[in-house]
Amino acid sequence: DALAILDRGDIDLPRLRGSWAGAMGQPQFMPSSYLKYAVDFDRDGRRDIWGTPADVFASIANYLAEHGWAKGRRWGREVVLPRTLEPGDVPLRSTGCRAVRQMTEPLPLSNWRKLGVRLKTGASLPARGPAPSLVRAGNRAFLVYGNYEALLAYNCAHHYALGVAMLSERLR
C-alpha cells in the first residue's frame, strides 16, 4: 500500500514518513487507510496528509463519516449513576476492540431512566432518542451514541475518544 501511494505521486519518497508502526501523516493513517480515506480537498491532484491542512482535515472527516459519524448528532453526554447501579447490571458488549468491549450493550433511554441514571446536572434523561451505551471513565460516566463509536473506530481508546468529544464541545 505504501508503494501504491508513491506510485500515485501523492508524496515523494523522502517525505513518506511514518511512525514505527507505519502510521503516516498528521492523521496517522496506516497506508491501507490512506488509500481508502485520504482526500484531495484542495484539488491540487495530491492527497497530502503530511502538509496540506485542507487535505488533513477532509481526510479525517471522510474517515469518520465512513465509520458512522452523523452530522448534527451528539456523541454522548455525561451522566450521574445511582449508587445502586453496579458494573454488572447491564451486560458489556462481547465483540469489538477493547474499548468497545468495555461499553455496555445499548439500552433505550427509558431503561436508563428506570435504572436511575440522570444527566450531570441532576435532571432526568430525555424521554426519546437513540439507545446509548454506558462508558465508565474513572469516577465519571457517559451515555454514548454512534458518533462516539466512530471516534473509537479512529482510535480505540476511551481516553482518546472522550478527549476529542469533550474538546469538540468546548470548541463549539
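**View 1. How much of the protein is tucked away.** Buried residues make up 37% of the 172 residues here; buried means under 20% relative accessible area, exposed over 50%, and partly exposed in between, with a 1.4 Å probe and protein chains only. This is a predicted model, where local features need pLDDT of at least 70, side-chain atom pairs count only at pLDDT 80 or more, and totals for chains, interfaces and linings use all residues. Residues are numbered from 1 along each chain as its sequence is written, and side-chain values use heavy atoms, with hydrogens and water left out.

**View 2. The whole chain at a glance.** You'll find 7 helices and 4 strands (DSSP runs numbered from the N terminus: H or I of at least four residues for helices, E of at least two for strands). Going along the sequence, they come in the order α-α-α-β-α-α-β-β-β-α-α. The C-alpha trace spans about 60 × 30 × 20 Å along its principal axes.

**View 3. Helix H7, end to end.** H7 takes in residues 158-171, which is 14 residues. From first C-alpha to last it reaches 20 Å, close to the 20 Å expected at 1.5 Å a residue (the expected span is 1.5 Å times one less than the number of residues).

View 4. His 158, Ala 161, Leu 162 and Ala 165 are the buried ones in H7. They sit on the same side of the helix because they cover an arc of only 95° around its axis, going by the directions from the helix axis to the C-beta atoms. As a rule, an α-helix has 3.6 residues a turn, so residues three or four places apart point the same way.

View 5. The buried residues of H7 pack against helix H4 (98-101), strands E3 (133-137) and E4 (140-144), and helix H6 (146-154); contact means heavy atoms within 4.5 Å. Over in H6, the buried residues are Asn 147, Tyr 148, Ala 150, Leu 151, Leu 152 and Tyr 154. The buried residues of H6 pack against helix H3 (53-66), plus H4, E3, E4 and H7.

**View 6. A look at Ser 33.** Ser 33 belongs to helix H2, residues 31-37. Its relative accessible area is 17%, so Ser 33 counts as buried. Leaving aside residues up to four places away in sequence, Ser 33 touches Ala 38 and Tyr 63.
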